[in-house]
Amino acid sequence: MAETLIRGADFLITMDDTRQELAGADLLLRDGVIAEVGQGLLTSGEIVEAKGCVVTPGLVNTHHHLYQSMTRAVPGAQDALLFGWLQRLYPIWARMGPEHMFVSAQIGLAELALSGCSLSSDHLYLYPNGVRLEDTIHAAAELGLRFHPTRGSMSIGESDGGLPPDALVEREAAILEDCIRVVDAFHDPAEGSMCRVGLAPCSPFSVSRELMRDTALLARDKGVMLHTHLAENAEDVAYSLEKFGCRPGEYAESLGWLGDDVWHAHCVQLDGAEIDLFARTRTGVAHCPCSNCRLGSGIAPVRAMLDAGVPLGLGVDGSASNDSGNLAAEARQAMLLQRVSRGADAMSPRAALELATRGGADVLGRPDCGRLMPGKRADVAIWDVSGVQSAGSWDPAALLLAGPTTVRDLFVEGRQVVRDGQITTIDLAAQVARQNALAKGLAE
C-alpha cells in the first residue's frame, strides 16, 4: 500500500462540492486515490512538507495539438490569421514522422506538467509518414501524465475545396477503421483511467458532413467522447454560412454533435442562441484565450457561457498558436480577458482556477479528477508561495493574481512527476535537445 502525506499546506484549495479551502491542512494519498483531507493526519509512508505552499487539484487541459511544439514561432506564421497560419504550417507538418510526434508530445506534456497540469487532452488530426495516435500515447505514458488523446482526421483537401493540402488528408473509410482500432486498443473507460480515447474530426472545413455524422455514430457505439473545432473566428462562421447555410452551432446540432459527450474547442463566435443551445444540451467548450489572442480570433463569451450553464474548461491549444503551454498562465489570461470585455468583477481568480481544475475535468467526463476529495484521484499540484512572485500578497490562495506559474511538486495518480520544479520521470534536457535537432531538420 503506497502512501504519501502532503503535510501542513498554508492553504489547500479543494474544489470540492462546497469549494472548501483549508488552512494548515494535510492531504493523504493512498494507492492513487485521495484517502483523507484534514489536519494532523498520520502516515507510515513518505511525507512531503507543504509549509509555505498552496495545494490545488492538478490542472486539466482540454485542448491541445502537442505536435505543434515542434513548430513554435515559425516566420511567416507569427502574424497570420487562422486560415493563413494553417496554410503556412501545413507543408511543414507534412514532413513530420513518428519520432517528431513522440518527442513533441513529450515536450508539450512536460511543459504542461511543470505548470501544474496532471490531465491533458490532445487533438492529433494529421498522420503523415507512418504517424499513429499511439506515438503520443506512449509519450504520455512514459512521462506519467493522465491523457485523453483524440483520433483526429482531415478528409477534404485543396482539390476538393478544403483548406489542407491533399497530401495530409485521408480516405474516410480508412479514418473510421483506424478510429475503431485505437479505441479498441487504448481506451480505458474505468474510473482512474490513465488513457481515454476520443474521436475528433478536425473541423467543419476539413472533413465532410458524412464523416462528422459517421464519427458521432461510431463514438456513441463505442462509448467515447467527441471533439472538434467550432466557431473559432469570423472566417469560420462565414464559411459555415456560405457552405452549410447555417451558423456553426446549428450545423453541429444537425449532425448530432451536441450533448454531454461532446466538447468543442474555442467557440469564440457563438451567439446567444448557440450559447443557450449548448447549455440545454450540456455541450462542453474548451476555452483557449492565449491562442485566441495570438491569432486575433476575438474574446470568447465565457462569462455568458458560464451564466447560461455551459460546461467550460481551459486549453492551451497548439504550441504553434500560443506559442506556450503553461496552463496556469492560460487561466490567468482567461480571467483577464473576461475583465477586459465585461469589467473587473467578471471573473475572480478562484473562478478561473475552477475552470482550470474541476471545470476542465467535467468537460472531459472525468468527475474522478479536478477535486481534492476522499475517493478522487490523487492528482495534486503544490505551489510554493514563499518566493518573490507572491511576496506581499495578502491572499496567497489567489494564485492567478500573485503567484508562481510553475509548480514545486506535481503528483499524478499518487506518483510524483515533478519534484522541486524538475521532471522526475524522463531526461527532459535530452528530450529538449532531441526536439531542437528535429525542428532544425524540418526547417532545412
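I began with the cut-offs: exposed means over 50% relative accessible area, buried means under 20%, and partly exposed is in between. I also noted that this is a predicted model.

**Entry 1: backbone angles.** I reminded myself that most residues other than glycine have a negative phi. Then I looked for exceptions. Asp-420 has a positive phi, near 50 degrees. I found Asp-420 in the loop between β16 (415-419) and β17 (422-423). Is Asp-420 buried or exposed? Its relative accessible area is 57%, so Asp-420 is exposed.

I looked up Asp-31 next. Its phi is positive too, about 50 degrees, and it is not a glycine. Asp-31 sits in the loop between β2 (21-30) and β3 (33-38). Its relative accessibility is 48%, so I wrote it down as partly exposed.

**Entry 2: a cis bond.** Most peptide bonds are trans. I noted a cis one between Asn-322 and Asp-323, with omega about -5 degrees. Asp-323 is in the loop between β13 and α11.

I stayed with Asp-323 and checked its side chain. It forms a salt bridge with Arg-294, and the closest N and O atoms are 2.7 Å apart. Which parts of the chain does this pair link? I traced Asp-323 to the loop between β13 (312-314) and α11 (327-342), and Arg-294 to helix α9 (residues 289-294). The two residues are 29 residues apart, so I logged the pair as a link between distant parts of the chain.

**Entry 3: salt bridges.** How many salt bridges does the structure hold? I recorded 25. I then looked up two further pairs.

Arg-181 and Asp-178 meet through their side chains at 2.6 Å, N to O. Both are in helix α4 (residues 172-186). They are three residues apart there, which means about one helical turn separates them. Arg-181 is partly exposed, at 24% relative accessibility. Asp-178 has a relative accessible area of 15%, so it counts as buried.

Arg-366 and Asp-368 form another salt bridge, at 2.9 Å from N to O. I found both Arg-366 and Asp-368 buried.

Methods: Residues are numbered from 1 along each chain as its sequence is written. This is a predicted model: local features need pLDDT of at least 70, side-chain atom pairs count only at pLDDT 80 or more; totals for chains, interfaces and linings use all residues. Side-chain values use heavy atoms; hydrogens and water are left out. A salt bridge is a side-chain nitrogen of Lys or Arg within 4 Å of a carboxyl oxygen of Asp or Glu. Helices (H or I, at least four residues) and strands (E, at least two) are DSSP runs, numbered from the N terminus. Buried means under 20% relative accessible area, exposed over 50%, partly exposed in between (1.4 Å probe, protein chains only).
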